Amino acid sequence: MRTSDNIVVAIASGKGGTGKTTIATNLAHVAAGMGRKVQYLDCDVEEPNGHIFLKPNIEKTQAVTVDVPEVDLKKCTGCGKCGEICRYSAIIHLKDNHVLTFEQLCHSCGGCLRVCPAEAIKPKPLDIGDIEFGKSGDIDFVHGRLRIGYVRTPSLIKEVKSHIKDDSLAIIDVPPGTSCPVVEAVKGTDFVLLVTEPTPFGLNDLKLAVGLVRDMNLPFAVAINRYGVGDKEVERYCEAQNIEICFKLPDDRRIAESYSTGDMIVDSLPEYEKGFTDLIEAMTV
Amino acid sequence: MKIAITSRGETLDSEVDPRFGRAEYFLIGELESMDFRAIENKNVNAAGGAGINSAKVVIDAGAEAVLTGNCGPNAERTLSAGGVRLYTGVKGTAAEAVELCKGGKLTEAGGPNVESHSGMNK
């Protein structure tokens, strides 16, 4: 019998390439090994890569659409209200009843549909990507894949997160950065683990990420990957800011070698398993 | 024929602004009378949609042709829908551009000549 949880943990970072996916996938793997019900959701939908390590069997694929406006020019009276309300220039009124739409710029607010006095605008589904569901051992695997050239990242992330189960430890792999996709991915989570590296670049972007989670009032702590390289500035910053450093993964060439072949660290290097076990317990008390 | 020239300044001796969507000014006037007025472009620092909104400005001003350096796909599509002819690759002063246009020396662009966002941060 597996232990039920109802905790959502986000693995985020300001800087890209700090080890979010490495830590997220190993956490999921170790948690499943501890007998917990665990779900891994890759919200880095522009380039999901957790599947490389978890190697899930994909069982189901679901298309995700958003609504964009479709204008019936025969009904259009040329009032121009649709273009006036749109903040993204996704719909624009030219002379007479000529209305142009730019689907890629639309944020699906529905404003143009509502203000049109002639009911000439209808919602039309635009396919922005897919969500794939599968199993990696006992781990429930979910990831989103945004279509190339599409920019509706937060909409797809929101859809991926709608599949969070309420009886599992849900581990969310967050995209890098501190912009809208990250806000969407960490929103409503119970705990955010900010993964960084002990370098000036890591520190700079960690400060941005800390600003974001503090603005959002989310509980968080820091994990330092490749501990031993760089300098001590990340630790000094965390101490000064009263931020807990709850995990350190050393700079070990064998970890990089394991990663480069798509293996899980805890499988190739069992001595690191205890660190991940302790981290899960610390995050889920 | 009424034309619009993207310009760095308010007069015909100004340089042609190489950006369409984020041009500093549009000089709009009749080729025949050479009477041009400047419209300051409010889309210079727009977060997005600069090309589309700039195209709307010149369409609303009644221009039938645009003379500029570079024009991206969204602006080109809007201009085309508004029935505005597009001439890209135009350099030198606005006055020189007008002369080239009068002499029939400009070739109409068959489409956009740059990618979206090419005029950002320039």
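Where in chain A does A:Ser108 lie? Here are my notes, point by point.

1. A:Ser108 sits in the loop between strand 5 (99-101) and helix 4 (111-115) of chain A. Keep in mind that this is a predicted model. A:Ser108 counts as partly exposed because it has 16 C-beta neighbours inside 10 Å.

2. B:Met34, not a glycine either, takes a positive phi of about 60°. You will find B:Met34 in the loop between strand 2 (25-30) and strand 3 (36-40) of chain B. B:Met34 has 11 C-beta neighbours inside 10 Å, so it counts as exposed.

3. Now the overall picture of chain A. Its secondary structure comes to 11 helices and 11 strands, and the C-alpha trace spans about 70 × 45 × 35 Å along its principal axes. Chain A has 285 residues, and 47% of them count as buried. Among contacts with a separation of 6 or more, 74% are between residues 24 or more positions apart.

4. Chain A is split into domain 1 (7-64 + 135-283) and domain 2 (73-119). Taken over C-alpha atoms, the centres of domain 1 and domain 2 of chain A are 40 Å apart.

5. On to the inside. The largest nonpolar core has 110 residues, and those with the most contacts inside it include A:Ile11, A:Leu27, A:Ala28 and A:Leu194. Helix 1 (residues 20-33) of chain A gives the largest share of this core, seven residues. Both domain 1 and domain 2 of chain A give residues to the core, so it lies between them.

6. Nine strands of chain A form an open sheet with mixed pairing, in the order 3-6-7-2-8-1-9-10-11. At the edges are strand 3 (57-71) and strand 11 (245-250) of chain A, each pairing on one side only. From one strand to the next, the twist averages 20°.

7. Strand 6 (residues 121-136) and strand 7 (residues 139-146) of chain A pair in the antiparallel sense over eight bridges. On the other pairing, strand 2 and strand 7 of chain A run in the parallel sense over four bridges. A:Asp140 takes part in both: A:Gln39 has A:Asp140 as its bridge partner, and A:Lys135 stands opposite A:Asp140. In the hairpin of strand 6 and strand 7 of chain A there are two residues between the strands, and A:Gly137 takes a positive phi near 60°. A:Ser136 has A:Ile139 as its bridge partner.

8. Is strand 7 of chain A enclosed or open? Eight of its eight residues are buried, so strand 7 of chain A is largely enclosed by the rest of the structure. A:Ile139, A:Phe141, A:His143 and A:Arg145 point one way from the strand, while A:Asp140, A:Val142, A:Gly144 and A:Leu146 point the other way, and all are buried. In a regular strand, side chains alternate between the two faces of the sheet.

9. Helices cover parts of this sheet. Helix 5 (residues 153-161) of chain A lies across strand 2 (38-42), strand 3, strand 6 and strand 7 of chain A, and runs at about 160° to strand 7. Helix 7 (residues 200-215) of chain A packs on the sheet too, touching strand 1 (7-12), strand 9 (191-196) and strand 10 (220-227) of chain A, with its direction at about 165° to that of strand 9.

10. A:Lys124 is found in strand 6 of chain A. It counts as partly exposed because it has 15 C-beta neighbours inside 10 Å. Apart from its neighbours within four places in sequence, A:Lys124 is in contact with A:Asp67, A:Val68 and A:Glu70.

11. Last, the two chains together. In the contact between them, 11 residues of chain B meet nine residues of chain A. On the chain B side, helix 1 (50-60) and helix 2 (73-81) of chain B are the elements that give two or more residues. By class, that side has three nonpolar, six polar and two charged residues.

How values were computed: Residues numbered from 1 in each chain as written. Chains lettered and ligands numbered in written order. Predicted model: local features only at pLDDT ≥ 70, side-chain atom pairs only at ≥ 80, totals over all residues. Buried ≥ 20, exposed ≤ 12 C-beta atoms within 10 Å, placed from the backbone. Contact = placed C-beta atoms within 7 Å. Core = buried A, V, L, I, M, F, W, Y, C linked by C-beta atoms within 7 Å. Domains from an automatic or database assignment. Pairing = 2+ DSSP bridges. Axes fitted to C-alpha atoms, helices over the stretch in contact; angles between N-to-C directions. Nonpolar A, V, L, I, M, F, W, Y, C, P; charged D, E, K, R; others polar.
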